Amino acid sequence: MNLGGRGCSEPRSCHCTPAWVTEQDPVSKAKTKTINSDNTAKTTKLAVTAMLAALSAVLMFFEFPLGFIAPSFYEFDFSEVPVLVGTFSMGPIAGAVIEFVKILVKFLIKGTSTGGVGELANFLIGCSFILPAGFIYKYKKTRVGAIVGMLTGTVAMAAIGVVL
């Protein structure tokens with residue numbers, strides 16, 4: 001008596017598994033692999049965004065005043081470099097998120113002396129630099145695209161800075 005399907009040679013069929021139970025659906029296996037790779041990519045992007053935001057927040061604590069050239073509140077800010085790297089590698093929206101988290105971390109750790117106005121201005125100025133650079137680089141991923149994007153971002157940052 002062979003109830004197990006596919007030629008089970010065991011005399012008792014109670015421990016033989018039918019073939020239709022052991023075969024896996026190749027379509028659902030492919031879907032699972034795609035879902036897992038999508039989750040891995042999202043997790044990687046989140047982790048890189050968090051690391052770049054943390055690095056940027058730490059760099060924001062180092063203050064390099066321009067000295068006698070400009071008023072005392074003007075400073076050279078190295079914290080935009082990790083934001084720009086994140087923007088070029090993951091897109092303009094990720095760059096804006098890194099910029100926001102950077103300012104939020106500094107606000108939570110150091111507080112504010114401007115009632116949040118300085119932090120808002122820093123966010124707007126930073127976004128006015130990274131968003132044009134990121135969008136231009138997104139469509140022209142070359143060295144020239146990066147340079148044109150950064151130059152465009154610099155002009156946009158100066159224009160927004162005049163308004164603010």
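These legends accompany close-up views of a predicted model.

**View 1. The whole chain and its secondary structure.** Six helices and two strands make up the chain (DSSP runs, with helices being H or I of at least four residues and strands E of at least two, numbered from the N terminus). Of the 164 residues, 26% are buried (under 20% relative accessible area, 1.4 Å probe, protein chains only). The accessible surface (Shrake-Rupley method, 1.4 Å probe) is about 11200 Å², and carbon and sulfur atoms contribute 70% of that area.

**View 2. Helices α4 and α5 side by side.** Here α4 spans residues 92–110 and α5 spans residues 117–139. Their axes (lines fitted to C-alpha atoms over the stretch in contact) lie 8 Å apart at an angle of about 160°. The two helices are therefore roughly antiparallel (an angle over 145 degrees).

**View 3. Residues where α4 meets α5.** On the α4 side, look for residues including Phe100, Ile103 and Phe107; on the α5 side, the partners include Phe123, Ile130, Leu131 and Phe135 (contact means heavy atoms within 4.5 Å). This contact brings together 10 nonpolar, four polar and four charged residues (Ala, Val, Leu, Ile, Met, Phe, Trp, Tyr, Cys and Pro count as nonpolar, Asp, Glu, Lys and Arg as charged, and the others, Gly among them, as polar).

**Notes for all views.** Residues are numbered from 1 along each chain as its sequence is written. Local features need pLDDT of at least 70, side-chain atom pairs count only at pLDDT 80 or more, and totals for chains, interfaces and linings use all residues, while side-chain values use heavy atoms, leaving out hydrogens and water.

Definitions and conventions: Buried < 20%, exposed > 50% of the residue type's maximum accessible area, 1.4 Å probe, protein only. Axes fitted to C-alpha atoms, helices over the stretch in contact; angles between N-to-C directions. Parallel < 35°, antiparallel > 145°, perpendicular 65-115°, else oblique.
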